[in-house]
Amino acid sequence: MLYLLALLLHRLPLAMGQYDICKSWVTTDDGPSWEFYACQPKAMRMKDYVTVRVDPAGITCGDPPERFCTHENPYLCSDECDASNPDLAHPPKLMFDSEDEGLATYWQSVTWRRYPEPLLANITLSWNKSIELTDDIVITFEYGRPTIMMLEKSLDNGRTWHPYQYYADDCMEAFSMPARRVRDLSTTSANRVLCTEEYSRWVGSKKEKTVRFEVRDRFAIFAGPDLKNMDNLYTRLESAKGLKDFFTVTDLRMRLLRPALGGTYVQRENLYKYFYAVSNIEVTGRCKCNLHANLCTFKEGSLQCECEHNTTGQDCGKCKKNFRSRSWRAGSYLPLPNGSPNACAAAGSAFGNCECYGHSNRCSYIDFLNVVTCVSCKHNTRGQHCQHCRLGFYRNSSAELDDENVCIECNCNQIGSLHDRCNETGYCECKEGATGPKCDDCLPNYYWRQGCFPNVCDEELLLCQNGGTCYQNQRCICPVGFKGVLCQQSRCEADKKDCDGAHSTRAGLGTVLLGVLALQLRGFVDL
Ligand SMILES: *[C@@H]1O[C@H](CO)[C@@H](O)[C@H](O)[C@H]1NC(C)=O
Ligand SMILES: *[C@@H]1O[C@H](CO)[C@@H](O)[C@H](O)[C@H]1NC(C)=O
Ligand SMILES: *[C@@H]1O[C@H](CO)[C@@H](O)[C@H](O)[C@H]1NC(C)=O
Ligand SMILES: *[C@@H]1O[C@H](CO)[C@@H](O)[C@H](O)[C@H]1NC(C)=O
Ligand SMILES: *[C@@H]1O[C@H](CO)[C@@H](O)[C@H](O)[C@H]1NC(C)=O
Ligand SMILES: [Ca+2]
């Protein structure tokens, strides 16, 4: 039971917004103590923390200076872009500045002077931090919106990319996709990637300037219009597979594929009016802190969660050292309204002192042994406390016992080793002739061929004789007239018939002559 005062104290901040506080000091029948809640940072204007990259090189206008015109004034091509003149330059940073009223500042591309080669540009935004979108992404285009573009996202700092939304004035023609609207999605399709025609048609360049990625409309599928029922959204984010990740990004990329045409056709004689110009990119979201932080700060050029609940890492994605008695878990929005902190626990504090070094979160009591033991040890560990490595793995000497990398696979060569186990330093047990930590090498005087075999011949003791040559230590290639493992045997000696038999004299002579010839060619016989 909570005392009324404590109740007020910790209910008050909660009323300000959901999941705003991570803990509060409460007084219970057992005395005062901390109570912990799932918590998340406030939404922010993410463009203030972004780094931008525009591709390909040379796509930004003004180097060399060039003229352009607009769809409104197609024959008055007196506007100029000049990168060396601050008043006439249009660098990428102008997509993220705050603008004086009425005066748009924008990044601008070169014109479509290479038509019909496509005019392509990528604008890549990187945060080096996972971010959860909380509102629409709004991209503002001056002089008309692209007739074809694509939005892509990455969840791993740009290593892999996934389509996020397709935009075209004709989705079928551009992407072979039917046109759909986010408003028409349902609870089961809320994270569908679709193609929309709403933001690409020509309506005059001054009227509709924005291209949106509709986050609110997707939220509204669960939270209702005006997002009144956020509880329902949070419940769904927790339970629907992939839904949370759908709104999470580390990077965004706008792939501009065809500029505004101002009509149906491209006027080849006036290509100065086709280009891209972006004045603003608004991204609203919050740092992803796995519900373990309510603050996110910009430090050393990167956003960083201020982790609570004894978690750590950029996203509070792991337990702090000495707080790994059970596996790390993200906090949960459920149960409403305060959620579950799923805090990390100090070593030895949970499960009646059964320490599992964070490799298991389940313990079981074995009756007849009267011990508590960890169940289903992960990360290739085993043992009562998950303190040993599984067979076929060895202890990583530079990792603590509670490190995920504590066990390293032995990786013994299957052919060269006796079995797949290794000793504490990772050495495997080798079959005869094999050597090396993993038994994938051969001892001297052995050669590798699906295992190690003793050399048949070499350049020292096991020399091929009579002009034979040693092939990869496996066999002697003998000159005609000789045979045997080391070519030590003359064919005549071995097969008397060849030399003595009258009927075979000519053949025998021929063989001898050929043999001499072969030796001559090898430079062995000096005639
Ligand atoms: C834009 O990025 C995509 C990958 O997301 C890449 O395939 C394409 O070549 C890039 N285009 C330009 C013009 O750099
Ligand atoms: C990205 O963030 C991590 C963690 O804060 C930091 O160590 C790293 O230097 C950052 N990388 C870049 C390119 O800013
Ligand atoms: C985290 O550890 C500290 C001790 O360092 C403890 O006082 C605190 O209650 C712990 N927090 C949680 C959420 O378990
Ligand atoms: C050993 O553990 C350290 C610390 O976690 C880790 O950086 C390293 O990659 C591990 N070594 C192997 C071979 O997994
Ligand atoms: C593991 O085996 C190698 C090779 O036999 C040996 O040099 C090493 O000392 C052994 N390590 C341990 C800890 O026994
Ligand atoms: Ca601007």
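User: What makes Asp97 partly exposed?

Analyst: Its relative accessible area is 21%. Buried means under 20%, exposed over 50% and partly exposed in between, with a 1.4 Å probe and protein chains only, so Asp97 counts as partly exposed. Glu99, at 34%, gets that label as well. Some ground rules: this is a predicted model, where local features need pLDDT of at least 70 and side-chain atom pairs pLDDT 80 or more, while totals for chains, interfaces and linings use all residues. Residues count from 1 along each chain as its sequence is written, chains are lettered from A and ligands numbered from 1 in written order, and side-chain values use heavy atoms, without hydrogens or water.

User: How do you know which atoms coordinate the calcium ion (ligand 6)?

Analyst: Donors are N, O and S atoms within 2.8 Å of the metal, or 3.2 Å for Na, K and Ca; water isn't among the atoms, so a site may look incomplete. Here Leu94 (O), Asp97 (OD), Glu99 (OE), Thr105 (O), Thr105 (OG1) and Ser279 (O) sit at 2.3 to 2.6 Å, so they pass the Ca limit.

User: Why is the arrangement around that calcium ion (ligand 6) called irregular?

Analyst: The six donor atoms subtend angles of 68 to 158 degrees. Six count as octahedral if opposite donors are over 155 degrees apart and all others between 65 and 115; four are square planar by that test, or tetrahedral if all angles lie between 85 and 135 degrees; anything else is irregular. This set of six is irregular.

User: Why is strand β8 described as largely enclosed?

Analyst: Of its 13 residues (121–133), 10 are buried, so the rest of the structure largely encloses β8. Strands here are DSSP runs of E with at least two residues, numbered from the N terminus.

User: Why does Asn290 count as buried?

Analyst: Its relative accessibility is 15%, so it falls under the buried limit. Asn290 lies in the loop between β16 and β17 (296–299), and its side chain reaches the backbone oxygen of Asp315 at 2.8 Å.

Note on methods: Helices (H or I, at least four residues) and strands (E, at least two) are DSSP runs, numbered from the N terminus. A polar contact is a pair of N or O atoms within 3.5 Å; within protein, one must be able to donate a hydrogen and the other to accept it, and residues adjacent in sequence count only if both atoms are side-chain atoms.
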